[in-house]
Amino acid sequence: MLRPDDIHQGAGFRRVTMEAVNPTPDSKKLAHPAPFAPRIFADTATLSDIRPLKEGGIINGVTTNPSLMKRAGAKSWNGALKIMQEIVDYMAPAPVSLELTELQPEKMVEQAKRLAGMGTNVVVKVPTGGYQAIDKALDPFTGLKVMRELWKHDIKVNATLIFNSTQAFWAANAGATYVSPFLGRLADYLYKHDQPEREPGNSLHFLEDHKAPEGGRDITANTPYVANDGLRKDSGVRLINEIVVVFNNYRITTEVLAASFRNASQMAECLLAGADILTVPAPILMGVADHPLTFEGMKAFVEDAKVFEK
Ligand code: E4P
């Protein structure tokens, strides 16, 4: 469990260099108490999930991906574009991340321009790496090159599928406005695949004795702090903290958009870790105002208040 004492201080200093999330209008005497609060996005492409969260003031953005589009009912690229446009229009001016599906740099830039043309609140989501998992002939730097190109065109990028702090650093260097570390997938993977006879974290090949498979290329993996420094289920939140510290060190204003949430506790831990934005599935967000003891307390207050009706 990530404890408050473990946390590197300094996230607040970093937040004040960014846009205020809750600005106080000039007409107000009572200043908003949380101007630099982290933003909360809904991680869904389903408009009926988004509506109550937006109306409740719970979210100030949305992130989507091809899997969420498919889940929302898109059966073709045109179908996906229709869903995207509805979300972009509904959420404007709050940011909506739309993910590229092309894999060739020129086509990716072309597709990014098409998506960015859907609204000034569009952020183009670019997979940071993984291209050679699809086709060995693809350039491993495809994502980073496209991010740099989009930065040149003033198009905001959300660098997605981030699993270590070096990926985050290079995405920021390429000009990404947001980086999305997938904390839930990382924690799930580490928890499931570690080999108990070796040191914890070994499934992520962070160990110095790890050798690349013959003929293969070694990859930059996770640090012992992420992979080893606590419960395996907490590795994702440690990754968020590590990226925040790295960005703090170099005054990088790329926002750390914690993604891939599995439960409500991870939200609290990401706030401790200093994330700039949390993108959370709708079912988890629907519970943010509640707690089992709040239910009990409310029932008692409402029951006792009946005396005033007499
Ligand atoms: C990030 O923006 C992704 O859409 C998302 O958080 C992935 O989450 P998952 O691991 O639940 O698919």
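Which residue has a polar side-chain atom that lies 2.8 Å from an oxygen atom of the ligand? Hi everyone, the residue is Asn65. Before I go on, this is a predicted model, where local features need pLDDT of at least 70 and side-chain atom pairs count only at pLDDT 80 or more, while totals for chains, interfaces and linings use all residues. Residues are numbered from 1 along each chain as its sequence is written, and side-chain values use heavy atoms, with hydrogens and water left out.

Let's stay with the ligand. Arg185 has a side-chain N or O atom 2.7 Å from a ligand oxygen, and a polar side-chain atom of Arg262 lies 2.9 Å from an oxygen of the ligand. The protein covers 87% of the 350 Å² of accessible area that the ligand has on its own (Shrake-Rupley method, 1.4 Å probe). Residues around the ligand, meaning those with a heavy atom within 4 Å of it, include Asp43, Thr63, Lys125 and Phe182. By class, this shell has 3 nonpolar, 3 polar and 4 charged residues. Here Ala, Val, Leu, Ile, Met, Phe, Trp, Tyr, Cys and Pro count as nonpolar, Asp, Glu, Lys and Arg as charged, and the others, Gly among them, as polar.

Now for the largest pocket. On a 1 Å grid over the protein atoms alone, a pocket is an open set of points where a 1.4 Å probe fits, with protein on both sides within 12 Å along at least five of seven lines. The largest pocket holds about 1400 Å³ of space, a volume being the space filled by probe spheres set on the points. Its lining has 41 residues, each with an atom within 4 Å of a point. Gly129, Gly130, Tyr131, Gln167 and Ile219 lie nearest the centre. Helix α6 gives the most to this lining, with 4 residues. Helices (H or I, at least four residues) and strands (E, at least two) are DSSP runs, numbered from the N terminus.

What about aromatic pairs? The whole structure has 3 of them, counted when ring centres of Phe, Tyr or Trp (its six-membered ring) lie within 6.5 Å; planes under 30 degrees apart are stacked, over 60 edge-to-face, and the rest tilted. Phe41 and Tyr178 pair edge-to-face, 6.5 Å centre to centre with 70 degrees between the planes. Phe41 is in strand β1 and Tyr178 in strand β6, 137 residues apart.

Finally, some backbone details. Most residues other than glycine have a negative phi, and most peptide bonds are trans. Leu161, in strand β5, has a positive phi near 60 degrees. The peptide bond from Ala92 to Pro93 is cis, with omega near 5 degrees.

Conventions. Polar contact = N/O pair within 3.5 Å; in protein donor to acceptor, adjacent residues only side chain to side chain.
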